Amino acid sequence: MFHKEGQTIILITFFITVGIVIASQFLIDIYWLRILLQLAALVILVLILQFFRNPKRLVTPDFDEILAPVDGKVVVIEEVEETEYFKEKKKQVSIFMSPLNVHVTRYASSGTITYSKYHPGKYLVAWHPKSSTENERTTVVIRTPKFGEILYRQIAGALARRIVNYAEEGEQVTQGEDAGFIKFGSRVDLFLPLDAKITVDLNQKVVGAKTCIATLKNEDG
């Protein structure tokens, strides 16, 4: 299954690949050069298909858990001042996606969208500390039943040139559903309440709509 955001580029790449394979058969007499060109075209097609894959993940919404919004590796877990919306300290969990990861963004929790804003910006490498505030990005806030408002931020990386965000203010969303897409290398930041209990570790690989990122602390802390 492939994401709808990749349909056009997949079709274009497919026809270009077919064209290269057929044309090289008639225009290139050197066997090894013809095979090399055909293999290169096929490899590029496979990489495009890999990038835009959209595996379906069945989720039973759980109000007591925040799920990973994307596939990737946890690169930041810290308490920070969130300056755009909350303007107060929050727990930040950041997930870096390599070009080989699934790049679908999924809702980390069910709830109501209370804020959704696009910011044009730079294209620093996604793991750069300033990428969260200076890169092209979207900021979305969900009012959840148990955690209150949580914020996630899609951040474009050095290769990304387009962020797709489906969240609209006032919309009711369901945990695990598609929330958007970031093309070619990127990161997502989550900002959670200080009383949330983080359940992942630095450098841990997570799976979107499957890995639990945080739960509510019990009375014992």
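Start with K90: select it with F86, and you'll see K90 over the face of the F86 ring, 4.2 Å from the ring centre. To count as over a ring, NZ of Lys or CZ of Arg has to be within 6 Å of the ring centre and within 35 degrees of the ring normal.

A quick word before moving on: this is a predicted model, where local features need pLDDT of at least 70, side-chain atom pairs count only at pLDDT 80 or more, and totals for chains, interfaces and linings use all residues. Residues are numbered from 1 along each chain as its sequence is written, and side-chain values use heavy atoms, with hydrogens and water left out.

**Next stop: the rings**

Rings of Phe, Tyr and Trp (its six-membered ring) pair if their centres lie within 6.5 Å; planes under 30 degrees apart are stacked, over 60 edge-to-face, and the rest tilted. The whole structure has four aromatic pairs. Y85 and F86 are edge-to-face, because their centres are 5.1 Å apart and their planes sit at 85 degrees. F86 is buried at 13% relative accessible area, while Y85 is partly exposed at 26%. (Buried is under 20%, exposed over 50%, partly exposed in between, using a 1.4 Å probe and protein chains only.)

Now pick Y107 and Y152, an edge-to-face pair at 6.5 Å centre to centre and 70 degrees between the planes. Y107 is in the loop between β4 (104-106) and β5, Y152 is in strand β7 (residues 148-156), and the two are 45 residues apart. Both Y107 and Y152 are buried.

**On to the sheet**

Switch to cartoon and find the open sheet of eight strands, antiparallel in its pairing, in the order β9-β5-β6-β7-β11-β3-β2-β13. β9 (172-173) and β13 (205-206) are at the edges with a single partner each, so one side of each has no neighbour in the sheet. Strands here are DSSP runs of E, at least two residues; helices are H or I, at least four; both are numbered from the N terminus. Strands pair if DSSP finds at least two bridges between them. Zoom in on G111 and you'll find its bridge partner in β9, V173.

**Last stop: helix α1**

Select residues 7-27, helix α1. Its buried residues are I10, T13, T17 and S24, and they pack against α2 (31-51), with contact meaning heavy atoms within 4.5 Å.

How values were computed
The expected span of a helix is 1.5 Å times one less than its number of residues.
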